[in-house]
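Welcome! Here is a short tour for anyone meeting this structure today.

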Amino acid sequence: ALVSTQSTGRLLRFVILATLLTITDSCQEIHVKAEDEGVVVGRSMEFSLSLNFHVITEPAGTVHETPALPNCPGDPFSFTNRFKAITVYGIFRGKWCQTTADGINEAGLSASVLYFKDNAEYIDPSSITGTACDNAIPQTKVVTYILATYKTVQQVKNDLESGKFPTVWAGYDLGIVVPLHYNIIDKTGAGLVLEHVKGLGVKWYDNTVGVLTNSPPYFWHMENLRNYPHFQRNDERREGFKYSSLGDTFSLSPQWTGSGLLGLPGDYTSPSRFVKAATLLSLAPIPATTNEAIVQVFHHMNAADIPFGIVETGPLGRSSFNWWILIKDLGGGCLYYRTYTDLSVKKLCLDNIPDVKSAMRMEGRFEDSFRDISGELKQFDSIVPGGHTEL
């Protein structure tokens with residue numbers, strides 16, 4: 001039996017919230033591999049509800065217990081972290097959310113959820129019985145399980161192909177069956193998209209383009225890229241607009257720098273964001289070092305930023321905007337992030353996390369975003385030209 005995220009057959013306690021959550025999430029994730037073999041993942045979180053996001057650090061040995069299932073007697077299924085991990089959770093109405101939004105483990109594996117409106121479908125928890133009870137998790141805990149269990153994308157694929165990967169059942173968070181799909185990337189640069197698609201079942205794809213946004217399914221986005229073969233870095237060989245009049249031929253050459261990207265989608269729909277991110281990734285030079293890749297990915301993510309108040313959806317006109325941007329250095333085991341109000345970049349590395357499960361609120365004060373440099377000004381005549389290296 002299957003449970004659709006559109007029709008659950010229940011009277012939901014948070015009807016208005018359910019309406020909002022099904023239409024107001026606009027996440028995006030990309031990854032880049034540098035010439036020094038470093039792999040960097042960038043991800044944005046756009047949402048219409050304030051979930052008071054926190055970064056959570058978990059030592060190896062952390063135990064995770066899944067919710068009890070109606071037809072599974074005994075203790076609920078649990079699993080234990082094989083690796084240290086940094087994850088992201090929200091708090092809503094004074095309680096921790098059930099969904100692990102994002103994370104990285106010490107093996108160099110990244111996993112994240114992105115909203116999958118109108119397309120996600122999971123197993124009905126009441127249909128899970130017998131031995132299946134011993135290997136079943138809600139969709140809200142897929143990222144947690146992957147980061148706790150696996151080192152590489154290939155290991156995840158092996159378990160999916162062999163049937164060893166847990167059955168994924170429809171779990172509730174924020175009062176709804178949250179529709180999600182998953183992006184998994186390891187420190188070799190291999191990527192995997194995992195989806196539970198309505199009418200099609202469990203699907204997974206190699207993420208060769210290095211991008212994931214929201215609905216429709218990944219294969220649709222890849223087919224849609226065929227409609228955009230013409231973008232290029234420069235204006236060369238662009239002949240412009242040609243026409244004939246009274247036997248004469250005329251040509252209006254492009255006049256604006258950037259005409260090689262003329263027509264690039266720039267709206268905030270999921271298909272447009274996918275095309276834009278894939279195009280920018282394909283045209284950007286390969287960074288020489290991991291640090292250069294981190295800088296480049298921050299700028300890629302800036303191109304996807306949604307300011308507050310630009311996109312309003314739902315019956316209450318709530319604004320969906322960029323709550324935070326995460327950058328993950330998979331080889332270095334470090335996570336960088338900035339939030340909407342506190343624009344400074346924070347850094348957290350797995351080598352330095354505590355031996356007990358710990359947490360920190362992500363958002364900060366605007367006053368912590370900047371450094372006053374007025375005391376560092378020097379007399380103009382003391383500056384030697386040529387001291388700065390351009391990119």
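Phe241, Tyr243, Phe250 and Leu252 make up a nonpolar patch on the surface, together showing about 400 Å² of accessible area. Strands S21 and S22 each supply at least two residues of this patch. The model is a predicted one, in which local features need pLDDT of at least 70 and side-chain atom pairs count only at pLDDT 80 or more, while totals for chains, interfaces and linings use all residues. Residues are numbered from 1 along each chain as its sequence is written, and side-chain values use heavy atoms, leaving out hydrogens and water.

The two strands pair in the antiparallel sense over 5 bridges (pairing takes at least two DSSP bridges; strands are DSSP runs of E with at least two residues, numbered from the N terminus). They form a hairpin with 2 residues between them, and leucine 246 in the turn has a positive phi of about 55 degrees. Serine 245 has aspartate 248 in S22 as its bridge partner.

Two residues can be set side by side (buried is under 20% relative accessible area, exposed over 50%, partly exposed in between, with a 1.4 Å probe and protein chains only):

| Residue | Relative accessibility | Class |
|---|---|---|
| Tyrosine 243 | 33% | partly exposed |
| Methionine 362 | 3% | buried |

Methionine 362 sits in the segment after strand S28 (358-361). Leaving aside neighbours within four places in sequence, methionine 362 is in contact (heavy atoms within 4.5 Å) with residues including Phe53, Val88, Trp324 and Tyr337.

Technical notes. Helix = DSSP H or I, 4+ residues; strand = E, 2+ residues; numbered from the N terminus. Patch = residues over 30% accessible without salt bridge, like charges linked within 9 Å, V, L, I, M, F, W, Y side chains within 5 Å. Areas by Shrake-Rupley, 256 points an atom, 1.4 Å probe, with all protein chains shown as cover. Salt bridge = Lys/Arg side-chain N within 4 Å of Asp/Glu carboxyl O.
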